[in-house]
Amino acid sequence: PFGNLSDCPNGSRWIMDVFSECAQDGWDIASIVLGLGSICCFITAAFPQFYQACRTGIMDQGLSIYFLLGWLGGDLLNLIGSFLADQLPLQVYTAIYYVLSDLGMLSLYCYYRVKNRARAFPAPINAAFVFLSVGSLASPSLLGSASTEDPGTFKGRSLLSAPGHELGRKPFSRTEIIGFTIGSISSVLYLCSRVPQICTNYKRKSTSGVSYFLFALVMLGNSLYGISVLLKNPEPGQGQGDYILHHLPWLVGSLGVLALDVVISLQFLAYRKGRPASLEERDALLGEQDES
């Protein structure tokens, strides 16, 4: 039901009670529904890859470690931004889940790398992995008591990423600048994480060991997220152009990653009958000869 709410005139009462979001018409409601759909896609995206890894046992050959580290870095910054922007509990919990899911995927990658007796990681990768892992585990405790002057202003890969109550003509606050910077860096990491995976698929001429449903769900989630942000009505006094500017880092990140995931999808089609490159096969045969 819609009612005359003090903070949201003619807004949906149940949406205000559950999500603390102002939904005054069908566009706002559609934005919230699509935002929830994107969260569901991101939450379930890792499970197909877990299954594929256990089924094939070659996760360390199929996925690029730089792809996983870049994804973890982007989700870690999203988690930090969720604390700094004082987001809703649902958004904070999902941000924590993203990081834990990334750590689980990285742990599974390392397990199969050791099991398949591959070479050890170079020192820079070990340092990056330790730094991101420690930062992921320490972020909730370090930022749990963080206070902000403008809560809910900038949100990363979250429910709606809707601005707070700032008018479009007001200058950026310090919290907004911090949130904008974190969102920009997070988007860059999401974008850069796809490039190593594209190169790995191209070198191997194969996508074996990689689950396409991982990328399919992420593509669907980014599509729903981008549409949900664009459908959301700007705040009173805020122009459409200023609204887009406030959300530009996350729109570029989600839609840019979507474009790169389309490239990976084309690789799945091109290499659907392919096998690992001859170099990998030769290394495996040499390893068997050494053991004998």
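The questions below run from the whole chain to single residues.

Q: How do you know what kind of model this is, and which residues count?
A: The model is predicted: local features need pLDDT of at least 70, side-chain atom pairs count only at pLDDT 80 or more, and totals for chains, interfaces and linings use all residues. Numbering starts from 1 along each chain as its sequence is written, and side-chain values use heavy atoms, with hydrogens and water left out.

Q: What makes up the secondary structure of the protein?
A: It comes to 12 helices and 2 strands. Both are DSSP runs, numbered from the N terminus: helices are H or I with at least four residues, strands are E with at least two. Along the sequence the pattern is β-β-α-α-α-α-α-α-α-α-α-α-α-α.

Q: What share of the contacts with a separation of 6 or more comes from residues 24 or more positions apart?
A: They account for 78% of those contacts. A contact means heavy atoms within 4.5 Å.

Q: Why is aspartate 261 called buried?
A: Its relative accessibility is 0%. Buried means under 20% relative accessible area, exposed over 50%, and partly exposed in between (1.4 Å probe, protein chains only). At 0%, aspartate 261 therefore counts as buried. Across the protein, 48% of the 292 residues count as buried.

Q: What makes aspartate 261 and arginine 194 a salt bridge?
A: Their side chains meet at 2.9 Å, N to O. The term needs a side-chain nitrogen of Lys or Arg within 4 Å of a carboxyl oxygen of Asp or Glu. The pair meets that definition, so it is a salt bridge. It links distant parts of the chain: aspartate 261 is in helix H11 (residues 248–270), arginine 194 is in helix H8, and they are 67 residues apart. The structure holds 1 salt bridge.

Q: Why can such side chains pair at all?
A: Side chains of opposite charge can pair when their charged atoms come close.

Q: How do you know whether arginine 194 is buried or exposed?
A: Its relative accessibility is 1%, so arginine 194 counts as buried. Its touching residues are Phe67, Trp71, Val218, Val257, Leu260, Asp261 and Ile264, not counting residues up to four places away in sequence.

Q: What makes the approach of arginine 194 to serine 193 a polar contact?
A: The two side chains come to 3.3 Å. A polar contact is a pair of N or O atoms within 3.5 Å; within protein, one must be able to donate a hydrogen and the other to accept it, and residues adjacent in sequence count only if both atoms are side-chain atoms. The contact is side chain to side chain, so it qualifies.

Q: What makes serine 211 a cap for H9?
A: A side-chain oxygen of serine 211 lies 3.3 Å from the backbone nitrogen of phenylalanine 213, at the N-terminal end of H9. Serine 211 sits in the loop between helix H8 (174–204) and helix H9 (212–231). At a relative accessible area of 5%, serine 211 is buried. It touches Pro48, Gln49, Gln52 and Phe268, not counting residues up to four places away in sequence.

Q: How do you know that the span of H9 is close to the expected value?
A: The expected span is 1.5 Å times one less than the number of residues. H9 has 20 residues and reaches 29 Å from first C-alpha to last, against 28 Å expected. Buried residues of H9 include Leu214, Val218, Met219 and Tyr225.

Q: Why is lysine 205 called partly exposed?
A: Its relative accessible area is 37%, so it falls in the partly exposed class. Lysine 205 lies in the loop between H8 and H9. Its phi is near 55 degrees, a positive value in a residue other than glycine.

Q: Why is phenylalanine 47 called partly exposed?
A: Its relative accessibility is 47%, so the partly exposed class applies. Phenylalanine 47 is found in helix H3 (residues 46–56).
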